[in-house]
Amino acid sequence: MNMQEIIQDKRDGGELSDEAIRFFVSGVTDRSIPDYQTAAFLMAIVFRGMTEREMTTLTLEMAYSGDVCDLSGIPGTKVDKHSSGGVGDKCTMIVLPIVASLGVPIAKLSGRGLGFTGGTIDKLESIRGFKTSIPISSFVEQIKKCGMVLSGQTPELAPADKYLYALRDVTGTVQSIPLIASSIMSKKIAGGADAIVLDVTCGAGAFMKEESSAKELSRAMIRIGAIAGRPVTCVISSMEQPLGFAVGNALEVQEALEVLSGKGPSDVEEVCCTLAAAMLRRSDVGRTYTFDEAYSAARETLRDGRAASRFLAFIQAQGGSLESDGTPSFTEQSVLRSELTAEKDGYIKTIDALRIGEASMRLGAGRKTKEDAIDMGAGITLRHKVGDYVRAGDILLSAYTGTSSELGEEEILDALAIAKEGISFSDAAIEAPKEILAILDENTVNPF
Ligand code: URA
């Protein structure tokens, strides 16, 4: 096998053999293929795409390029959840306690954020003492304590994806359905869950800008799951505007707790209860539930305190500290630095999630490179959502940094200017957008 020929084959629109794909993945894993050839091959895939067989082979080769978690010590069907990324996406911190409080064992491996999207591991690390590196050998013990465990991905899990993802991030090759589908599904297969629920985000702050491409990505992942024997449900959710009001690590943990206590923003609650319902229906507990029954069961845990107390028990089980009032204790407090106000009366037409994510990153909430440190207290809180009517002078959003931030006033104003670019107004009334665009599974997509 010769990498140069494989690149040329794909460049010219050819269909690669399983052997060629195997050669590529093993060469990426043992670093025998240089980055310039890998990057050229990835770009050829971006332009030429992949057939379903190529994509499935790529996924399985990547899934088995390192360790595969054995969760068989945890009784029952294990259901995993993953999001294709977004701004203000605090769903994992809400969905997992909901489902765990209903008796479904949860073992999840999560990632860090890069660029404008946040990662659950970073968010939870804003809690003093919280441990995000739990060895898989301790999962069963941890689940006995509070029914759920969450850990950062180990370097041994799907190492080919880890390497490819970092290279894609800097070579303009993230935006490709076969590459995204194989990246997500390889990690999920290696994570060892029996069934998978995917939040496929769609809109300005997501990789998939259009509903049609979100559906295409969903169909690809459902088919790969069927071939790998891991049933997949895809919930396509809107990411035109940020989810909820809070963007930034500690700010999002606080909002997650509000949702868990039944007092959070309705958009976050709707997306989380939909994801939780999809997970329940894949579990031993809720297999016979209709979607509405599963949704109501999930919602009930937010109203009666079960989900909130499960979240707090989980924080403590993983070493996190609580304040005397029972809320999480943060490593950094969020300090209000500035506010953006409306210049005229009108209905809010857009709050571009990408711009808000970029502004929040400028304030210190995200990292540009994997090595950057994060300001856990930094971020943005919105006062309004699309469809709201505001008057000139009303506060649209607030900018925060942590107590130890060294950002000057000019940098804060630069961040607010980016956020402002993403907000537009209309004189005519604007309807609040739909949160859930579609739910797809093997019954709505022919898996073969
Ligand atoms: N999330 C992933 O894990 N991989 C991608 O390629 C895109 C989003």
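This is a predicted model: local features need pLDDT of at least 70, side-chain atom pairs count only at pLDDT 80 or more; totals for chains, interfaces and linings use all residues.
**Figure 1. The whole protein chain and its surface.** The chain is built from 16 helices and 13 strands. Its radius of gyration is 22 Å, close to the 22 Å from the globule rule for 448 residues, so the chain is as compact as a globular protein of that length. Along the principal axes, the C-alpha trace spans about 65 × 45 × 40 Å. Of the 448 residues, 58% count as buried. As for contacts with a separation of 6 or more, 79% come from residues 24 or more positions apart. On the charge side, there are 46 positive and 62 negative side chains, and the centres of these two sets sit 3 Å apart.

**Figure 2. Helix α11, residues 249-260.** This helix has twelve residues, and at 1.5 Å a residue they should span 16 Å; the end C-alpha atoms are 17 Å apart, which agrees. It's mostly covered, with ten of the twelve residues buried. Among the buried ones are Asn249, Leu251, Glu252, Val253, Glu255, Leu257 and Leu260. Just past the end of α11, Gly262 takes a positive phi of about 80°.

Figure 3. Gly113 sits in the loop between β2 (106-110) and α6 (120-124). With a relative accessible area of 9%, Gly113 is under the 20% cut-off, so it counts as buried. Leaving out residues up to four places away in sequence, Gly113 touches Gly118, Gly119, Asp122 and Arg367. Gly85 is 28 residues from Gly113 in sequence, yet their C-alpha atoms are 8.6 Å apart in space.

**Figure 4. Arg31, a loop residue with a positive phi.** Most residues other than glycine have a negative phi. You'll find Arg31 in the loop between α2 (18-29) and α3 (35-48). Is this residue buried or partly exposed? At 48% relative accessibility, Arg31 counts as partly exposed.

**Figure 5. Ala158, a buried residue with a positive phi.** Ala158 is not a glycine either, and its phi is positive, near 45°. Its place is the loop between β3 (148-152) and α8 (159-169). Ala158 has 1% relative accessibility, so it counts as buried.

Technical notes
Residues are numbered from 1 along each chain as its sequence is written. Side-chain values use heavy atoms; hydrogens and water are left out. Helices (H or I, at least four residues) and strands (E, at least two) are DSSP runs, numbered from the N terminus. The radius of gyration is taken over C-alpha atoms; the globule rule is 2.2 Å times the number of residues to the power 0.38. Buried means under 20% relative accessible area, exposed over 50%, partly exposed in between (1.4 Å probe, protein chains only). Contact means heavy atoms within 4.5 Å. Lys and Arg count as positive and Asp and Glu as negative; His and the chain ends are not counted. The place of a charge is taken as NZ of Lys, CZ of Arg, CG of Asp or CD of Glu. The expected span of a helix is 1.5 Å times one less than its number of residues.
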